[in-house]
Amino acid sequence: MLDWSSQNGSYQGILMVTCAVLSWILIHRWSQRNKKGPKTWPLMGAAIEQLMNYDRMHDWLVQYLSESKSVVVPMPFTTYTYIADPANVEHVLKTNFANYPKGETYHSYMEVLLGDGIFNVDGELWRKQRKTASFEFASKNLRDFSTIVFREFSQKLHSILSQASFQGQVVDMQELLMRMTLDSICKVGFGVEIGTLAPNLPDNRFAQAFDTANIIVTLRFIDPLWRIKRFLNVGSEALLEKSIKTIDDFTYSVIHRRKAEIKEARDSSKDNKMKHDILSRFIELGEDPESNLTDKSLRDVVLNFVIAGRDTTATTLSWAIYMVMTHSHVAEKLYSELKTLEEDQAREENVALHEYDTEDPGSFDERARQFARLLTYDSLGRLYYLHAVITETLRLYPAVPQDPKGILEDDVLPDGTKVKAGGMVTYVPYSMGRMEYNWGPDAASFKPERWLNEGFFQNASPFKFTAFQVCLPFSFNLNTRFTLQLIELTAA
């Protein structure tokens, strides 16, 4: 026989628990009725709303940061505090810098790709790499080598675009730019040609693996199950493992080959044939016993510069071209500045500019090659409007839209926001560029003129314009300028 009293008691117990849980949820939600920022759920925090807005994450944050200069977003395992006020950013990046490292969480997410490179370490290791990198990028040899490389690949891109233009073909600009920047940064970083920008646009295993790995490690920030998938070696983590193997096989083979080339050059007294790429320079530095540079260290160094100079440059160029093409007055001013530079450089070098016919691909390409030869590292500094166009693009479409930092100890930000140890503080360049409290009522408008003072470029506070806080190398700006100049010439 059924014990109805016992069963009824069980139903009553379940009902009481259900009512208690519902009451808890209702009280929790009621307590947030006047709270700014995303609404949360017990245990889940704001994870549901954040996942629902994943495809528009940056604009989702703009909405909240326009109402409050700091936005607290609790998540199941940590709490993110997003900031857009320059005073808060300066506090995190300068005033109390030691309290806000990248942290173990960030390092664990990115280690498989970035290892212990400059973008994934803190403390003394970070300072040492930054000092070395700053010195190397300031060297004349690397500067001159980079100038030649970026000019070469910009011309290759120009040839593809010129042919497409004359034949009326449709092209995927971002794909072409990704190929161009990968080829150029691999030449500067590794000293090798990988040839993805060849006219037939071939596939490349290293490029594909690099793209795949980059996407998957980024998704780890919102995938709470990635550690389980890694342990079981399934799904995206299994694909990541295969991609990293491809990346490592390529990178280590280049490192071993370059070491052999350096040794051969020295043994044959042909030091004049030594290469000036980043890898070669760090191999030489690694010969100092105190440097502690292993093959793994060299791998991390170079891949960090590849990720800094490839995606950042390509995405910035994509947005810059889009903004120029959708703002005709900007295109006209930019073309005028480039035309003036071309004429001034030709006059200074006493060369006659080739005549060209816009209906004749041969004469047009020859004029473009001549224009490229007139471009030098020093002449770039005279292109103030181009500098303003690139900078304004980065203000609205920063190459790194968010940059998270760990929190070592409890702290209070300048605006009064309390942050707890173990959480994360993220400054948001994408949102910062759209805040009227930072840039005035025209903050959302593309206006290169805001960077010019009597015709000369004038920068803003690095805590207001934060695009370069992530230590992008000078090659980012140099590559961007060369490419945009030649593309603008093609469009004209």
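Is Asp116 buried, exposed or partly exposed? Asp116 counts as partly exposed, because its relative accessibility is 34%. The cut-offs are under 20% relative accessible area for buried and over 50% for exposed, with partly exposed in between (1.4 Å probe, protein chains only). The legends below take this residue up again, along with other sites.

**Figure 1. Overview of the predicted protein chain.** This is a predicted model: local features need pLDDT of at least 70, side-chain atom pairs count only at pLDDT 80 or more, and totals for chains, interfaces and linings use all residues. Residues are numbered from 1 along each chain as its sequence is written, and side-chain values use heavy atoms, with hydrogens and water left out. The protein chain has 21 helices and eight strands. These are DSSP runs, numbered from the N terminus: helices are H or I with at least four residues, strands E with at least two. Of the 492 residues, 48% count as buried. The accessible surface comes to about 24400 Å². Carbon and sulfur atoms hold 56% of that surface. Areas come from the Shrake-Rupley method with a 1.4 Å probe; for residues, only the protein chains shown count as cover. A contact means heavy atoms within 4.5 Å. Among contacts between residues at least 6 apart in sequence, 70% join residues at least 24 apart.

**Figure 2. A patch of negative charge on the surface.** Glu104, Glu111, Asp116 and Asp122 gather here. Asp116 sits in the loop between helix 5 (103-114) and helix 6 (123-137). Patch residues have over 30% relative accessible area and no salt bridge; like charges are joined within 9 Å, and nonpolar side chains (Val, Leu, Ile, Met, Phe, Trp, Tyr) within 5 Å. Lys and Arg count as positive, Asp and Glu as negative; His and the chain ends are not counted. A charge is placed at NZ of Lys, CZ of Arg, CG of Asp or CD of Glu.

**Figure 3. Helix 3 and its cover.** Helix 3 spans residues 57-65. Its buried residues are Met57, Trp60, Leu61, Val62, Tyr64 and Leu65. An α-helix has 3.6 residues a turn, so residues three or four places apart point the same way. Cover for the buried residues of helix 3 includes helix 2 (47-52), strand 1 (70-74) and strand 2 (79-83). Helix 19 (429-432) and helix 20 (436-439) are also among the covering elements.

Figure 4. A salt bridge is a side-chain nitrogen of Lys or Arg within 4 Å of a carboxyl oxygen of Asp or Glu. By this rule the count comes to 30 salt bridges. Lys187 is buried at 15% relative accessibility, whereas Glu193 is partly exposed at 45%. Glu342 is buried at 4% relative accessible area. Arg367 is buried as well, at 8%.

**Figure 5. Glu392 and its salt-bridge network.** Glu392 forms a salt bridge with Arg450, with closest N and O atoms 3.0 Å apart. The partners are 58 residues apart: Glu392 in helix 18 (residues 384-396), Arg450 in the loop between helix 20 and strand 7 (452-453). Shared partners join Glu392, Arg395, Asp442, Lys447 and Arg450 into one network. Glu392 is buried, with a relative accessible area of 0%.

**Figure 6. Ala388 in helix 18.** Ala388 is buried at 0% relative accessibility. Leaving out residues up to four places away in sequence, Ala388 touches Pro448, Trp451, Leu452 and Phe457.

**Figure 7. Positive phi at Asn233 and Glu454.** Phi of Asn233 is near 55°, a positive value in a residue other than glycine. Asn233 lies in the loop between helix 10 (226-232) and helix 11 (235-267). Asn233 is partly exposed at 38%. Phi of Glu454 is also near 55°. Glu454 lies in the loop between strand 7 and strand 8 (456-457), and is exposed at 75% relative accessibility.
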